[in-house]
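The sequence and structure are shown first.

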Amino acid sequence: MDWFAGLFKIHSDIESVVVISLIIAVGLALGQIKVKGISLGVAFVFFIGILAGHLGLSIDHKVLIYSETFGLALFVYCLGLHVGPNFFGSLRHEGMDLNLWSFAIILFGTVFAVCLIPITGVNLPDMVGLLCGATTNTPALGAATQAMSHLGLPSGSLALATAVTYPLGVLGVIIVMVLMRKVFVKPRDLQIKPLTDDDETYIAQFVVVNPALEGKTIADLTHMTHLKFIVSRLWRGSQVIIPETDTMLHVNDDVMAVTTKDDEESLSLLFGKLKKNWNEEKVNWNAIDTKIESRVLVVSRTDLNGKRLGQLHLRATYDVNVSRIIRGDVKLLATSDLRLQYGDRVTVVGTYDAIDNVEKFFGNSVKTLNEPNLGSIFIGLILGLALGTIPIHIPGMESPIRLGIAGGPIVMGIVVGALGPQLHFISYTTRSASLMLRKFGLSIYLACLGLDAGKDFFTTVMKPEGLVWVMIGFLITVIPCLVIGLIALKTKKYDFGTICGILCGSMANPMALGYANDTLDGDSSSVSYASVYPLGMFIRVIIAQVLIMFFV
């Protein structure tokens, strides 16, 4: 049986793969078990890793660091790539508010930690270490350690304080989310609320009653008003018309328009009468009339990636209208300045023959889209890790700060996902492949993180000083998240998923985000996490250095 023991006891390439795979397999299996409706999902991998480390399992340290780095970088880059296409739209509308909530958590936690110093007797450097561990922010620990070295002071206890509080720092955010959901969250809070109505289309049918529109063309309407809308169909008596920019409107025309929810009331005033709301039920668009078809086509031609819709002249060339574009789970209004992205689903309205012709133009090859574009992921990882190593000098601070292995890839993923099409860079990855890569990377990261923490965790915790540190760190994690999270929930502005993303992002906690994604519908937690994470991490790194350099 020596060969079997060698799979777990003798450091080798095979042993590393076996140990990490075992931790992930057991963790994911146990993570599916629900106790009173609660399961930890992928987060359980971390605790199985701690248990494995405590029981004596280990792998070569260099392999451990490599696997942990690769897993985290892969997870955050794919997360950025996933939320990137709609990131800047949400950032323009709600991004500042989201970051203000994140800053409130950071400020609350920092002030709370400083106030605990005279109460607990813990010195400032150790409290900074507890703060770094409680907020699971290793870049902040690195910044604080550099500041201690610059002052010529030892930093060993600072790192130990971080190591002791890190595991419960991870768990604390999950505890807050579970507690809020069980006690304070109502069913309506779980309904997904879009961060901006501009990213959700609204379809309505209007009757032209306004006499001022008699003889006006659709182009005239767009110049008369700031409203954004697309007229996809027009009925004049028994005649069905595919409208073009020079199509004239007459009183009593029936117009089907695609707009945003905010502009619906203004369009009613413009046309004169709202005849029907087409958003309240599932509609068979092809049953509305027999002469016009509505079909969803997939953009699978690479040369269309990054092209503006208005550049394609689809009305003049193919006699069709594009009413809206579905990108991921978001329905976008098909304005002329909207850039197409590889993998977009385009809703086209026209005659059967016209749509057959334009189908070839878009490609509409679902088979092509089923092949994930792995090349762009690894190129993005290289660029993201390179970005994370760039030193950023801030006036008044001796040591530069860096985005690191988590900050660099997530920022690069967002940039590639959002701006890649403008550079004709194919960043599309299938939804299933993106989900798998994110979970794969997060699982490897958590397994290695837990394995590394497990070997000394219980020994340190059982010391009297260790127990005090653990309790302080747990309070620093839980109290700011719970207080600010409840205040945000009471405003009724955000759904619970968005609030969870703010909590996870402000605490730099990808594992808690994995739990939120496993237990909540939609991507709102991922979007808000990506919105607040880069700035939140930046602020925490600066705070750690400021506390050491100015108050020690």
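## Helices α5 and α16

The axes of helix α5 (residues 124-134) and helix α16 (residues 464-490) cross at roughly 55° and come within 9 Å. Axes are lines fitted to C-alpha atoms, for helices over the stretch in contact, with angles from 0 to 180 degrees between N-to-C directions; helices are DSSP runs (H or I, at least four residues), numbered from the N terminus. The two helices α5 and α16 are therefore oblique to each other, a class left after roughly parallel (under 35 degrees), roughly antiparallel (over 145) and roughly perpendicular (65 to 115). The crossing of α5 with α16 is right-handed, that is, the near helix is turned clockwise from the far one by less than a right angle.

In contact (heavy atoms within 4.5 Å) are Asp 126, Met 127, Leu 130, Leu 131 and Ala 134 of α5 with Trp 469, Ile 472, Gly 473, Ile 476 and Thr 477 of α16. These residues comprise 7 nonpolar, 2 polar and 1 charged; Ala, Val, Leu, Ile, Met, Phe, Trp, Tyr, Cys and Pro count as nonpolar, Asp, Glu, Lys and Arg as charged, and the others, Gly among them, as polar.

## Helices α2 and α3

Helix α2 (residues 13-31) packs against helix α3 (residues 44-54) with axes 8 Å apart and an angle of about 130°. α2 and α3 are therefore oblique to each other, and their crossing is right-handed.

From α2, Ile 23, Ile 24, Val 26, Gly 27, Leu 28, Leu 30 and Gly 31 meet Phe 44, Val 45, Ile 48, Gly 49 and Ala 52 of α3. This contact has 9 nonpolar, 3 polar and no charged residues.

## Basis of the values

The model is predicted: local features need pLDDT of at least 70, side-chain atom pairs count only at pLDDT 80 or more, and totals for chains, interfaces and linings use all residues. Residues are numbered from 1 along each chain as its sequence is written, and side-chain values use heavy atoms, leaving out hydrogens and water.
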